[in-house]
Amino acid sequence: MTKKKEKSTDRRETALSKHLGKLPPQAVEIEETVLGALMLERDRINHVLGFLQPEDFYKDAHQNIFKSIINLFSKDEPVDIKTVTHELREAGTLEVVGGAHYVAGLTTKVNSAANIQSHSKIVKEQALKRALISLSSEIQHDAYEDTEDVFELIERVDLALYKLSATLSSSDFVHLGSLDIVNQLVDQITSAKEAYENNDLVGVPCGFTAIDRITGGFRPSELIIIAARPAMGKSAMVASIMKNCGEFKKSVAMFSLEMNWTEVGVRMIAMQSEVMLENLRNGKISEHQLNQVITKSDHLVGKPIYIDDSPALTIFQMRTKARLLKKRHNIELLIVDYMQLAEGYKEGNREQEISSISRGLKQIAKELDIPVIALSQLSRAVETRGGDKRPMLSDLRESGAIEQDADMVMFLYRPEYYGLEQTEDGQPTAGLGEVIIAKHRNGRIGSAWLQFLGKFTKWQDAPPSDWNTNEPLVARDLPDNTDFTITLPSNNNDKKDQQTFERESAKGNDQRKN
C-alpha cells in the first residue's frame with residue numbers, strides 16, 4: 001500500500017498531460033485576483049482560511065505566495081506587498097515566484113476584494129477538477145494491474161472521493177445581529193408555538209405519543225441513536241417508526257444493512273395485519289388471516305417508504321444514495337439499521353472506524369437538513385451488571401464518539417426480558433418496554449413506557465394502566481431533570497392483547513395488595 005502511494009504521486013503529476021494536449025483545468029487570472037485581494041485587505045483572509053489550500057492554486061508561484069500570506073496571518077503580522085516579499089525572501093522562494101516585481105504586480109490585478117468568496121470558489125472548483133483527473137488516471141492504472149485487489153481499489157476510490165467532497169463542506173458566518181436573521185429566528189419560534197397550540201409537532205413524528213411530547217418530533221440535522229441489547233426490539237422500533245411516518249405522509253428512507261427488503265416488508269405487513277410474523281414466514285396462516293393480510297397490506301400502497309438493503313455500505317455510498325433520495329423523493333427522515341454493520345474508513349482501529357461512521361452520519365444529517373436515526377448495539381457490560389440492568393450512556397459499544405456526535409440517545413429496555421415482573425414503582429412489566437431518552441442536546445431527558453407486541457414485531461402506545469383508572473401510565477424523568485407527566489392514550493386494535501394486558505395488570509395489582 002505504501003509503495004502504491006509513492007508511485008501514485010508520480011502518476012498524478014503526469015496524468016494531466018495525457019489528455020491529447022488539453023490544458024488542465026485552471027484559472028490563473030482568478031488566482032492572481034485572489035492573492036492580490038488578500039494583500040490589499042488582510043481581513044479577507046478569514047473568508048478563505050480553511051476553504052482554500054496552497055495546493056488548490058495551479059501555479060507553483062501562487063502556491064508559495066499563498067503559503068507566505070497564511071504564515072504571516074497565523075503570526076498575527078501585517079499582510080501587504082512588503083511583508084509578503086520579505087517572507088518569501090526568508091523562505092528562499094522569492095526568485096522562484098518571479099521576484100518582488102511579480103508580487104507587487106498582483107495587487108494591480110484587482111480593484112476590490114468584495115468578490116473574493118466567489119473567486120475563491122472558482123479556484124477550488126478548478127483544483128477539484130484537476131484532482132479528479134489525477135484520481136481517474138490512478139484508478140485506470142491500478143485497474144489494469146493483475147495483482148490489484150478490486151475491493152481494496154474500490155475502497156480507496158471511495159475514500160479519495162469522500163475526502164474531495166468533504167473539502168466543499170464550508171459555510172460562511174451568520175450575523176446573528178442582522179434584522180433578517182433575528183426575524184427568521186422569531187418566525188421559527190412563532191411557528192413552534194402555533195404547532196404546540198394546535199397539538200401539532202415541529203419535527204418529524206415517530207408516532208408514539210409519549211416520545212413525541214418529549215422531543216416535539218425529530219428535528220432537521222439531528223442524529224438520533226437508538227441503542228439496545230439484542231432481542232430488545234430495535235428493528236421492530238424503526239419499522240414501527242417507518243409505518244407511522246407513512247401514515248403521517250412523511251417520506252422516510254432506510255438503509256437496512258442487517259435484513260433484506262423482503263424481511264423488512266414482511267415485518268411491516270405483520271405489524272399492519274397483526275398476524276404473527278412467524279406464521280407469515282412459514283405460511284402457517286388460515287384463509288381468514290390471508291384475507292386479513294391482503295386487506296391490511298393495502299395500507300402500505302402509496303406510502304412514501306424507501307428501503308435500500310445493500311450490504312456493508314460505506315459512509316460515502318450512504319451519502320451519495322441519500323442525496324439522490326433527497327433529490328428524487330424529498331425524504332424527511334433517514335434510518336440506518338444498524339451502524340456497526342456500516343463500513344467506516346479503516347485508517348486506524350475499530351473504535352476510530354466507528355467514530356468515522358457516527359461523524360459521517362451526523363454530516364449527512366446536516367448536509368441534507370433531515371433527522372437521521374441510527375441503530376446501535378450496546379456492550380455486554382449491561383448483561384454482567386447487577387440490579388435491573390438498565391442501560392447507560394457508557395454502555396454504547398466500541399466508541400465514545402457515538403455519544404459525542406449524537407443529538408439524542410434513546411435506549412430500549414424491556415424488564416421482562418431479564419425476568420423482572422414489576423418496575424421499581426410496582427407496575428407490571430408484561431408486554432411493556434421503556435424508551436429511555438438518556439441524552440437530548442436540545443431538550444429534556446426522560447423515559448416513557450410503550451407496549452411491545454413481539455409476535456407482531458410491533459411497538460405502539462401503551463394502553464391506560466388498570467391499577468388506577470384515575471391515573472394513567474406516566475413517563476418519568478431521569479434523576480437529573482425536572483418532573484413531568486405524560487398521558488399515553490390507547491391505540492391498540494388487538495382485543496386479545498388488550499385483554500392479556502388487563503389480566504397482567506390485575507395480577508400485578510393483586511400482588512401489591514398482598
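Reply: The questions and answers below concern a predicted model.

Me: Why is Thr-93 called buried?

Reply: The relative accessible area of Thr-93 is 18%. The term buried requires a value under 20%, so Thr-93 is called buried. Thr-93 is found in the loop between helix H5 (81-91) and helix H6 (94-97). Leaving aside residues up to four places away in sequence, Thr-93 touches Asn-64 and Leu-88.

Me: What makes the contact between Lys-124 and Asp-56 a salt bridge?

Reply: The N to O distance between the side chains of Lys-124 and Asp-56 is 2.8 Å. A salt bridge requires such a nitrogen and a carboxyl oxygen within 4 Å, and therefore the pair qualifies. Lys-124 lies in helix H8 (residues 116-143) and Asp-56 in the loop between helix H3 (45-48) and helix H4 (60-74), so the pair ties together parts that are 68 residues apart in sequence. Both residues, Lys-124 and Asp-56, are buried.

Me: Lys-243 and Glu-247 also meet in a salt bridge. Why is Lys-243 called buried, and why is Glu-247 called partly exposed?

Reply: Lys-243 has a relative accessible area of 13%; buried means under 20%, so the term applies to Lys-243. For Glu-247 the value is 44%. Exposed means over 50%, and partly exposed lies between the two cut-offs; Glu-247 is therefore partly exposed. Both residues, Lys-243 and Glu-247, lie in helix H12 (residues 234-247), four residues apart, about one turn of the helix.

Me: How do you know that Glu-367 and Arg-323 form a salt bridge?

Reply: Their side chains meet at 2.5 Å, N to O. The limit is 4 Å, so Glu-367 and Arg-323 count as a salt bridge. This pair links distant parts of the chain, with Glu-367 in helix H17 (residues 350-368) and Arg-323 in helix H16 (residues 315-329), 44 residues apart. Arg-319, Arg-323 and Glu-367 are linked in a network of salt bridges.

Me: What makes E2 and strand E3 (residues 305-308) a pair of strands?

Reply: E2 and E3 pair in the parallel sense over four bridges. Pairing requires at least two bridges, so E2 and E3 meet the condition. Within this pairing, Met-254 stands opposite Ile-307 in E3. Five bridges join E2 to strand E4 (residues 333-337), and these strands also run parallel. The bridge partner of Phe-255 in E4 is Val-336.

How values were computed:
Residues numbered from 1 in each chain as written. Predicted model: local features only at pLDDT ≥ 70, side-chain atom pairs only at ≥ 80, totals over all residues. Heavy atoms only, no water. Helix = DSSP H or I, 4+ residues; strand = E, 2+ residues; numbered from the N terminus. Buried < 20%, exposed > 50% of the residue type's maximum accessible area, 1.4 Å probe, protein only. Contact = heavy atoms within 4.5 Å.
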